[in-house]
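Visitor: Hi, I have a few quick questions about this protein. Can we look at it together?

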Amino acid sequence: MDTIIKKLDDIGIDHIDETFMEIGEVLKNGGLVAFPTETVYGLGANALDENAAKKIYEAKGRPSDNPLIIHISNIKDLEVVASDITDTAQKLAEVFWPGPLTMVLNKTPLVPYATSGGLETVAVRFPSNEPARRIITAAGGFVAAPSANSSGKPSPTTAGHVINDLMGKIDMIVDGGPCDIGLESTIVDLTTEVPTILRPGSITKNMLEEVIGRVEKASDEVSDTQSPKAPGMKYRHYAPKAELSIFVGRTKNVADRINIMARECLENSKLVGIICSNETKELYENGIVQEIGSLSDSNDIAAHLYDILRDFDARGVDYIFSESFFVGELGDAIMNRLEKAAGGKIFICSANIDYDNIETVIFVDNDDVSLSVMAKEIALKKRTKENLNILSRGLNVLFSEPANQKTQIVLENHKLDGKNHLARRLKQIDFSEKTAIVALNIAVKDKIMDRFENTEQLYTISEFFDERVVLEDPFGKDIEEYEKCYIILDTILTKAQVLIL
Ligand code: TXA
Ligand code: MG
């Protein structure tokens, strides 16, 4: 098949309307057109035409029970393809559409099973990208589009990526330049009792919760027998040809470890690719070093991830070593994709802490009424070094209040003291060579770095305990969330070297 390439930049203003009409005609006639969106390039077909939708699976080499997202260009069109549209869905549409949010709802009979992958539900998205909207409108309003990569490759973020994967297999590729976001949309399932995030993206959990209250994240664990919530989750995710590993820890420890491993690879005549930030590039000595973006701009990092992975594949590197990027609004989505690509190969880089030198450990969170209190009480129980001081502090403590109710209940359920705590604010005098300041999460650590001096002994809980820990502030959530945090803290602190002789 001849694939026509339409580069939008090359089409003069006089011809642009007619170009979109022409693209729409291809789709209306059952053809396949790859087009840009603000997230990644999509491979479009008329969503209401069963045969057209089927062609998508063939072109991508994608299993036919992995459902497609229907793209619309008008909020009102949601009711054509989705039924039982709740207030929650309505609110989300009003706030986040057009934009990178996909909602899963019950489907109407109009949606063929070829589009919904055999499900009774349907995923719908209204993209903000202008050419995408014009194409959808010209095609009649309903375009099914997965990412326009061949199955097993990263999603395409430029027309060049699409050309590499699908040239000769589809009718047309619309080149609208690189995608703004570079990671696929957030998918939220609204058919569950509590809305559930099936895939994190640039619309974050916090952003959703501000509009509709409690939202959950789907667990990644998928068994072979159970049908997974996001059918896409059961398929092998993109893994580069090279073996990809992610390194977590203090910048310098990460770089040291990567340098050692890269040197070893080179001595064995292996090609190594390194993914680092603009700020840390100078730390690397060997290998093909690719800057993914600035740590102060998670949008920048997200926009380059897939391009770098594709580039390393093209160069045929044997190993890819990547820093981790739990930064900014998009940190969650970036690490979700990177971890899937790494198939779980994560190295925690030890901070080489001299535990014998430490006389005080201070756990710090925002308000010192929940997580830091749990950490303190658990550490006090586990401690066998009697002269080790264990304290907790908060960044924004206005008055010394007790631990919040749910924290007290959880501590008491575990036979720990939940009653006698009083919140206190972290101060500059708390910092010393012999005091480890342990932030309960990376956002707290960043704030401490901004506000205080002498932060040589400042760690996140993951760095200090050499364990990968993701603790979300349970504030405002059910007691079960508090209990989950307790269990995580209890597990790490059981193995904590600093606490025992
Ligand atoms: O940003 C995006 O969402 C891009 C652009 C092109 O819009 N599209 C995209 O589509 O990433 P795709 O097919 O590569 O990923 C869609 C995911 C799949 O994992 C699929 O299983 C899931 O959405 N999905 C689709 N319909 C679903 C449904 N009814 N229930 C649960 N998951 C669904
Ligand atoms: Mg995809």
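Visitor: Which residues of β18 are buried on one side, and which on the other?
Guide: This is a predicted model, to start with. Thr360, Ile362 and Val364 are buried on one side of β18. Val361, Phe363 and Asp365 are buried on the other.

Visitor: Which strands are joined to β18?
Guide: Six bridges join β18 to β19, residues 389-394, and the two run parallel. Thr360 stands opposite Asn389 there. Five bridges join β18 to β20, residues 435-439, also in parallel. Val361 stands opposite Ala436 in β20.

Visitor: What makes a β-α-β unit with β18 and β19?
Guide: Helix α12, residues 371-382. The unit is right-handed.

Visitor: New topic. How many aromatic pairs does the structure hold?
Guide: Nine. One of them is Phe247 with Phe347. Their ring centres are 4.9 Å apart and their planes sit at 15°, so the pair is stacked.

Visitor: Where in the chain are those two?
Guide: Phe247 is in strand β13 and Phe347 is in strand β17.

Visitor: Is Phe247 buried or exposed?
Guide: Buried, with a relative accessible area of 0%. Phe347 counts as partly exposed, at 26%.

Visitor: Which residues form the aromatic cluster?
Guide: Tyr355, Phe363, Tyr459, Phe464 and Phe465. Phe363 is also one of the buried residues of β18.

Visitor: And what lies over the face of Tyr113?
Guide: Lys107, at 4.3 Å from the ring centre.

Notes:
Residues numbered from 1 in each chain as written. Chains lettered and ligands numbered in written order. Predicted model: local features only at pLDDT ≥ 70, side-chain atom pairs only at ≥ 80, totals over all residues. Heavy atoms only, no water. Buried < 20%, exposed > 50% of the residue type's maximum accessible area, 1.4 Å probe, protein only. Helix = DSSP H or I, 4+ residues; strand = E, 2+ residues; numbered from the N terminus. Pairing = 2+ DSSP bridges. Right-handed = clockwise from strand over helix to strand, strands pointing away. Phe/Tyr/Trp six-rings, centres within 6.5 Å; stacked < 30°, edge-to-face > 60°. Lys NZ or Arg CZ within 6 Å of the ring centre and 35° of its normal.
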